[in-house]
Amino acid sequence: MSDFAQLAQAVFKGNAESVKGLTQTMIDAGVAPLEIISQGLVAGMDIVSPKFKAGEMYVPEVMMSARALGEGMKMVKPLIANSDVAAIKTIVVGTVAGDLHDIGKNLVVMILESGGFNVIDLGVDISPAKFVEAVKEHNAQILGMSALLTTTMLSMKDTIDLLKEEGLRDKVKVLVGGAPVSKNFADEIGADAYCADAMAAKDTAASILN
Amino acid sequence: MLIVGELINTSRKAINEAVDKKDADYIKKIALDQVEAGADYIDVNCGTKVYNEVETMEWLVNTIQEVIQVPLCIDSPNPKALEAGLSLCKYGQPMINSITDEKERVEVVLPLALKYKAKLVALCMDDTGMPETAEDRMRVVKSLYAKLNAAEIPDQDIYFDPLVKPIGSVDKAGDEVLGTIKAIKEKYPDVHFMCGLSNVSYGLPNRKVLNRIFVAQTMTLGMDGYILNPTDKGMMGTLAASQALLGQDSYCMNYITAHRKGLYEE
């Protein structure tokens, strides 16, 4: 098995120790950081995704894989050359104003990170102004909003409207999700996509950005 | 034991379609099915109808009450929809789902509970967010209980919901809930409980097994209210069996009745 395949397998199995060891070996051997990420770490998650979708793997297993991947990421990220940093896409994520639900949002953050994206987690109860400010500050390509309440999901529209006012709507894709949110609702408020779960968010982000 | 039937919720596809088509017969059938299966209250939730929730709530409450005479559990994060539903309740003591210890929520929901003499589902969360541990939850319980008590809401009208999270993403979620039930029961012996428990098994295989065992575990510590699908025979059978084992079923009559109703036929 190639080193990349071994690293991918370690991510798939959720073995953080093994991921750390293999990543260190590759770093010492001078493998390019972006290659370690794409062909090793993220490739491991690409084994997980279809198995999760097919019902062969379960949420806690996906979390173990994502966590193992995160350990490798921590080691590799500081080594990425400045010229390459721009190649990593940024996604701003948060739960909307008036809403404190964070379990689903946290899963999304973890899974997006496992897709090799730079994820800015704003937390919960985030106002439209804060979302827009973060999109500007981090020069984000994607904004992800979560809402678990029917009363708070309307605030997603306020954020999208504010993005328009600020002339940013064309620069950022908006993904929405959460229990009461639907594809119809996403279309109604002018979001770019509805994501049913964390894995869908990662796949949607990947297809938009690549 | 108090069972709230959860099926009339517009986040469910069939209910959403029935509401859109004003298919009163379907709504009535689902209400009646739940009562016949043993529901004490019928939950009414049309929160996904964000643009006409109030009208939808009115139509649902009126439609349901044409066929059944059990009290309703009016379920909405929107105070206007709560009031619309409560003002139309005709049978028994209505229930509000839910109040939390978030400042705004207390300000709008507590007056409604007093005005309509409603039972209150009280979620263990506040402005600081979702609780992690049993201690976090107890902090909210104490603060919220003090407010409800000061407003003279009787203990037996308070139904604390310990907030069940998925064990698939939070390892200790089940255990923290059990610890919360125990602590509430010790401190406030006369309040009741309510929980939607299917959350506990999210993202895991064999969800039914986890849900049923969690019923037995929570009931053992004093949980006495569940919001669930009462037409799920296995779940209702588990409830009856658990009650009998806990000495809450004189001569095991409910358990035997459940058997005769076929709840244990797999």
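This text goes through the interface of chain A and chain B and then the cysteines of a predicted model. Local features need pLDDT of at least 70 and side-chain atom pairs pLDDT 80 or more, while totals for chains, interfaces and linings use all residues. Residues are numbered from 1 along each chain as its sequence is written, and side-chain values use heavy atoms, without hydrogens and water.

In chain A, 16 residues are in contact with 21 residues of chain B, where contact means heavy atoms within 4.5 Å. The two chains bury about 1,600 Å² between them, 73% of it on carbon and sulfur atoms; buried area is the accessible area (1.4 Å probe) that two parts lose on being put together, summed over both. On the side of chain A, Leu100(A), Ile103(A) and Thr150(A) lose the most area to chain B, together 35% of what that side buries.

Across this interface there are zero salt bridges, a salt bridge being a side-chain nitrogen of Lys or Arg within 4 Å of a carboxyl oxygen of Asp or Glu.

The cysteines form zero disulfides over all chains, a disulfide being a pair of cysteine sulfur atoms within 2.5 Å. For Cys73(B), the closest cysteine sulfur is that of Cys89(B), and because it lies 9.4 Å away, it is too far for a bond. Cys73(B) is buried, with a relative accessible area of 1%; buried means under 20%, exposed over 50%, and partly exposed in between (1.4 Å probe, protein chains only). Cys195(A), at 6% relative accessibility, also counts as buried.

Conventions:
Chains are lettered from A and ligands numbered from 1 in the order in which they are written.
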